[in-house]
Amino acid sequence: MDGLTKIWDGIVSSFSGHLHFWQVIGWMGNCFFVTRVLVQWHASERRREVVVPVVFWWLSLFGSWCLLAYAIFWKRDLVFIFANAFNWIPFLRNLMIHRQDARSRLRCQNCQQSLPKGARFCLSCGFSLESATSPVSTMETPQRSSSLT
Ligand SMILES: [Zn+2]
């Protein structure tokens, strides 16, 4: 209980005076990390399955960079620096993998649903994708099948 009191006193005292720039960065890092957990939890509750939305990795990346900067420039503590020195690498890599996956996906020509590569029909509307082999592009215009409209 004494430890919790010290932590609480530290939080209160860091807000009671003026916050240094690097303390603001450190608190932003904490906010990113708390927000990423809430976002991931919300997404999983909505889908009723464990989901990791892409914004989770962005929040993780920014949070880890903020905490690394705080550790280097304000805390100047090797334990804090080491704790945040490398964890941004898998966050960045997951974003790269997600981007590659998104580019390789197909888009249903009927309902614009994003589909895994190799899909032969739309999982959402049942539209046949036998002729749709081009990757997802934001510049594509919807091409509706006249037989289904
Ligand atoms: Zn479809």
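# Briefing on a predicted helical and stranded chain

The secondary structure of this chain consists of 5 helices and 2 strands. The model is a predicted one. Read from the N terminus, the elements follow the order α-α-α-α-α-β-β. The chain has 149 residues, of which 13% are buried. Among contacts with a separation of 6 or more, 45% join residues 24 or more positions apart.

**Helices α2 and α3**

- Two packed helices are described by the angle between their axes and the distance between the axes.
- Helix α2 covers residues 21-47 and helix α3 covers residues 54-75; their axes come within 8 Å and cross at roughly 155 degrees.
- Because angles over 145 degrees count as roughly antiparallel, α2 and α3 are roughly antiparallel to each other.
- The crossing of α2 past α3 is left-handed.
- On the α2 side, the residues that meet α3 include W22, G26, G29, F33 and Q40.
- On the α3 side, the residues that meet α2 include V55, L59, C66, L67, Y70 and W74.

**G26 and its surroundings**

- G26 belongs to helix α2.
- G26 counts as buried because 22 C-beta neighbours lie inside 10 Å, and the cut-off for a buried residue is 20 or more.
- Apart from neighbours within four places in sequence, G26 is in contact with C66, L67, Y70 and W74.
- G26 and L68 are 42 residues apart along the chain, yet their C-alpha atoms are separated by 8.4 Å.

**The nonpolar core**

- The largest nonpolar core has 5 residues, namely C66, L67, L68, Y70 and A71.
- One of these core residues, L67, touches G26, G29 and N84 when residues up to four places away in sequence are not counted.
- Two further members of the core, C66 and Y70, are also among the contacts of G26.

**Helix α5**

- Helix α5 spans residues 88-104, and at 1.5 Å a residue its 17 residues should span 24 Å.
- The end C-alpha atoms of α5 are 25 Å apart, which agrees with that expectation.
- The number of buried residues among the 17 of α5 is 0, so this helix lies largely in the open.
- I89 is found in α5.
- I89 counts as exposed because it has 11 C-beta neighbours inside 10 Å, where the cut-off for an exposed residue is 12 or fewer.
- I89 and S64 are 25 residues apart in sequence, and the distance between their C-alpha atoms is 9.6 Å.

Key:
Residues numbered from 1 in each chain as written. Predicted model: local features only at pLDDT ≥ 70, side-chain atom pairs only at ≥ 80, totals over all residues. Core = buried A, V, L, I, M, F, W, Y, C linked by C-beta atoms within 7 Å. Contact = placed C-beta atoms within 7 Å. Helix = DSSP H or I, 4+ residues; strand = E, 2+ residues; numbered from the N terminus. Expected span 1.5 Å × (residues − 1). Axes fitted to C-alpha atoms, helices over the stretch in contact; angles between N-to-C directions. Parallel < 35°, antiparallel > 145°, perpendicular 65-115°, else oblique. Left-handed = near helix turned anticlockwise from the far one by under 90°.
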